[in-house]
Amino acid sequence: MNLLIMGKPGAGKGTQAKKILDHFSLTHISTGDIYRDEIKKGSEIGQEAKKYLDQGNLVPDKMTNDIVWEVLQKHEYPNGFMLDGFPRTIAQAEALDEMLNTLNIHLTAVINVDVDDDVISDRMAGRRVCSNCGETYHVEYHPPKKDGVCDVCGHSLIQRKDDLKESVLNRLQIYKNKTQPLLDYYENKDLLLVIDGENPSDQVFEDILIKLGELHD
Ligand code: AP5
């Protein structure tokens with residue numbers, strides 16, 4: 001099974017991706033995570049990407065396409081993959097089609113986690129991430145056991161720079177201009193599954209499983 005998960009920034013893509021990956025033993029390919037790792041390592045790619053991430057802007061298509069191609073061509077996804085945060089522009093979607101054609105791989109479905117803008121602002125303002133392992137929390141909806149400390153590795157929780165209000169508004173605007181058109185792109189390919197992302201996250205996950213199950217009915 002090869003899936004793609006889409007949604008506005010903060011819609012809950014990462015939260016659902018984790019549940020889906022565990023359930024189907026898929027390989028996670030998150031361009032956002034790849035860039036944050038590179039920034040943490042201080043690599044050349046990380047230094048270049050940081051300029052865009054901190055402002056909430058998209059990293060240029062060529063750089064992102066090259067990174068995804070590098071990962072996909074290694075074929076390290078025995079049970080399939082879940083692409084998270086890629087593609088984000090029509091040019092990226094077209095590049096992905098070419099990559100998949102070359103590798104003779106097909107997408108099973110594209111999941112769109114659908115959430116209103118006012119819910120997004122609330123989720124981003126309350127999101128905290130572990131500075132060490134990247135585990136995600138929310139101060140109200142998914143708090144850690146001990147305030148400010150990661151349940152998984154015990155390191156401190158931080159707020160992502162791009163979760164600050166100005167950056168969030170910029171990311172939402174970019175989503176509308178560049179990423180939203182992809183919904184039609186995948187609808188026309190009969191791959192799009194729209195999921196109500198405003199429910200509690202376990203309910204959202206259940207709805208995803210139901211919709212994926214319907215594909216095989
Ligand atoms: P990326 O990491 O992909 O960021 P994003 O799309 O903005 O998504 P987020 O990680 O912010 O949110 P999410 O939807 O995963 O939400 P989460 O599950 O954490 O990309 C970051 C940056 O990298 C981009 O801005 C860009 O610069 C660059 N980049 C990445 N890919 C690129 C590409 N293809 N091209 C160019 N540049 C690229 O949930 C959010 C919060 O809500 C959490 O606190 C969570 O606990 C809570 N929550 C989740 N679900 C629920 C629920 N159902 N109910 C209540 N709370 C919930």
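A residue is called buried when its relative accessible area is under 20%, exposed when that area is over 50%, and partly exposed in between (1.4 Å probe, protein chains only). In helix α2, the face turned away from the buried side carries the exposed residues K40 and K41. Helices (H or I, at least four residues) and strands (E, at least two) are DSSP runs, numbered from the N terminus. The model is predicted, and local features need pLDDT of at least 70, side-chain atom pairs count only at pLDDT 80 or more, and totals for chains, interfaces and linings use all residues. Residues are numbered from 1 along each chain as its sequence is written, and side-chain values use heavy atoms, with hydrogens and water left out.

The buried side of α2 holds T31, Y35 and E38. Because these residues cover an arc of only 60° around the axis, they lie on the same side of α2; the arc is that of the directions from the helix axis to the C-beta atoms. In general, an α-helix has 3.6 residues a turn, so residues three or four places apart point the same way. The cover over the buried residues of α2 includes β2 (27-30), α3 (44-53), α4 (61-72) and β3 (81-84), where contact means heavy atoms within 4.5 Å. Just after α2, G42 adopts a positive phi of about 75°.

A backbone N or O atom of N57 lies 2.5 Å from a ligand oxygen atom. From the side chains, a polar atom of R160 is 3.1 Å from an oxygen atom of the ligand, and a polar atom of R123 is 3.4 Å from a nitrogen atom of the ligand. Taken alone, the ligand exposes 1000 Å², of which the protein buries 95%; accessible areas come from the Shrake-Rupley method with a 1.4 Å probe.

Q92 lies in α5 (residues 90-103) and is buried, with a relative accessible area of 3%. Not counting residues up to four places away in sequence, Q92 touches D61, T64, N65, F86 and P87. Of these, P87 sits in the loop between β3 and α5, and the peptide bond from F86 to P87 is cis, with omega near 0°.

Two further loops contain residues with positive phi. N104, in the loop between α5 and β4 (109-114), has a positive phi of about 55° although it is not a glycine. N104 is exposed, with a relative accessible area of 62%. D190, in the loop between α8 (181-188) and β8 (192-196), has a phi near 60°, again positive in a residue other than glycine. D190 is exposed, with a relative accessible area of 69%.

Key
Polar contact = N/O pair within 3.5 Å; in protein donor to acceptor, adjacent residues only side chain to side chain.
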